Amino acid sequence: MQDKKCDIVVLGGGGSGLVAAVRAAELTGGKVVVLEKSGTPGGGMLFASTMRTFGSRWQAERNIPDQTLDFLQKMMDLTQWRLDPRLVSNAVRATGEFFDWYSRYELDEVMAKYEPRPYVFDIPVHGQPGPQIDTFHNGSGRYIVKTMLRRCEALGVEILTKHPASDIETDGDGRIRAVIADTPDGQKLRVACRACVMAIGSWIRSDEVVKRVCPAFLDAEVLPNAHQNPAYTGDGIPLAEKAGALVDWDSFCLRLMGPICSFGETSPLDALTHTERAIMVDLNAKRFVAEPMAPRIDPFDTGLILLQHPKGKAYFLFSANSLRRIIADTQKNGESPDFDPFGMPELPPLETVDGWFRGAMAKNSREAAVADTVEELAEVIGLDPAALRDTVDRYNAACAAGQDWDYFKSADTLEPLAEGPFYALGGKLSTDGAFGGVRVDPDMRACAADGGLTPNLFVTGDFASGRHVVLGGAKKQVLNDMSWALASGFIAGGSAAKCLG
């Protein structure tokens, strides 16, 4: 076994781990080692955006009023005051402290990209308070990672990739004295330490944990995304338990969305998943909700509804007449439509939309289909023809009556599926990640399973429990994942530094 010594060892080189490492090294001048499981540091932060920031000097200089107290009250109401107000306050205020700290080291050309945004407290949140770069899918996470890596190099923080932590050693007082990691050449590395930060992340790729938390997810058809990184195997759970930390199983949950277009959000067909004039059926060919679910329901909760049905899958159904009506609804008289994640862009004529379906059908006949009759459509997508015929007839009867007594859809959105050809578009589950782990105090110190606090263990990011509650399986949070990762890492780095004395 190889040996290495340091003051602080950080398990996980994602966003929260890197921030904790830099902050601790900066405050102590000590030796910090980061053990990263994958071959590249950054983790999910490389794909992150939507940085919600409160109370920063940067915002004040740009005349953004500080509404932190209003936000805190609203978020505590949302989570039914089940969270520690001091922890929530520390985390929310740390978002601004982090941003001012980070901005000291960021490149001028990157800082110029940030846009100060006003505070908007709608839930679901349409406007995001705090700085933001570009659009939702081109966010600031990768810039922050690059900056933290530059700071790691300047401060002498050692980052060991392909070194997953596999074990820990503790002394008689429960203090972590060393972490054992696997090395790329199949050996073991023992890293002696005075304090440890666990930034290990999600457990979504652990079938054992998922089976305990949400077993139906294992059988669902789920669209792949960065939240399902193969490295997210819940390695931190046994390590935390061995350290005597309280693994808070009540905080474990999956955040599920859907149905999302099976061809992805970049497909032109995705727009049709937002319309009120489609009907939606499960694999039993039955409707199950008033269409569409979002934005009437928080889009991060809709997947829980979908998961109650076989394989968490649905099909959106259209006809020639309903598509013509949908296309007419989207016309903007030549205006350039603004992006609205819950709205509809302007659609082209039916001939073009028909071509989208037929092109997609040629690639995957079970996810898009066009047919002359409802029964033929059912055959193509693998549903029971008689059941689908019955569902369509019942819906058309509701349209004729102007009242949907089955699922209470608004009368002005009822459009019968009357004129062929008929169309089907597959929709699957998507996930925003898996959450829950070690319960932490306001300083990100791990709570002990037998009461009190662990002596020298700090936990951050998705593996830290304290910024969300689980209500009916749904995650209700005071901070989004990116902001929590950065804030918790910033706090943990400072707390680990104080732990050294």
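Mentor: Buried means under 20% relative accessible area, exposed means over 50%, and partly exposed lies in between, with a 1.4 Å probe and protein chains only. Helices (H or I, at least four residues) and strands (E, at least two) are DSSP runs, numbered from the N terminus. This is a predicted model, in which local features need pLDDT of at least 70 and side-chain atom pairs count only at pLDDT 80 or more, while totals for chains, interfaces and linings use all residues. Residues are numbered from 1 along each chain as its sequence is written, and side-chain values use heavy atoms, with hydrogens and water left out.

The helix is H13, residues 385-401. Its 17 residues reach 24 Å from first C-alpha to last, close to the 24 Å expected at 1.5 Å a residue; the expected span is 1.5 Å times one less than the number of residues. The buried residues of H13 are Ala387, Leu388, Thr391, Val392, Tyr395, Asn396, Ala398 and Cys399. Seen down the helix axis, they fall within an arc of 165°, so they line one face of H13; the arc is that of the directions from the helix axis to the C-beta atoms. The face turned away from this buried side carries the exposed residues Ala386, Arg394, Ala400 and Ala401. Among the elements that cover the buried residues of H13 are strand S12 (279-281), strand S13 (314-319) and helix H12 (374-381), where contact means heavy atoms within 4.5 Å.

At the N-terminal end, aspartate 384 caps H13, with a side-chain oxygen 3.3 Å from the backbone nitrogen of alanine 386. Following H13 is glycine 402, whose phi is positive, near 75°. In the loop between H13 and strand S15 (422-435) lies proline 421, joined to glycine 420 by a cis peptide bond with omega about 0°. Another cis peptide bond runs from glycine 258 to proline 259, with omega near 0°; proline 259 is in strand S11 (residues 253-261).

Now the cores. A nonpolar core is a set of buried Ala, Val, Leu, Ile, Met, Phe, Trp, Tyr and Cys residues joined through side-chain atoms within 4.5 Å. The largest has 130 residues, of which Leu11, Tyr102, Tyr114, Met198, Leu272, Phe318 and Phe357 touch the most other members. A second, separate core of 21 residues includes Tyr315, Leu383, Ala387 and Cys399.

Next, the aromatic rings. Rings of Phe, Tyr and Trp (its six-membered ring) pair if their centres lie within 6.5 Å; planes under 30 degrees apart count as stacked, over 60 as edge-to-face and the rest as tilted. The count by this rule is 15 aromatic pairs. Phenylalanine 99 and tyrosine 114 form an edge-to-face pair, 5.2 Å centre to centre with 80° between the planes. This pair links helix H4 (residues 85-103), which holds phenylalanine 99, to strand S4 (residues 114-115), which holds tyrosine 114. Both phenylalanine 99 and tyrosine 114 are buried.

Asparagine 63, at about 60°, lies in the loop between helix H2 (57-60) and helix H3 (68-78) and is exposed, with a relative accessible area of 68%. Tryptophan 81, at about 55°, lies in the loop between H3 and H4 and counts as partly exposed at 49% relative accessibility.

Notes: Polar contact = N/O pair within 3.5 Å; in protein donor to acceptor, adjacent residues only side chain to side chain.
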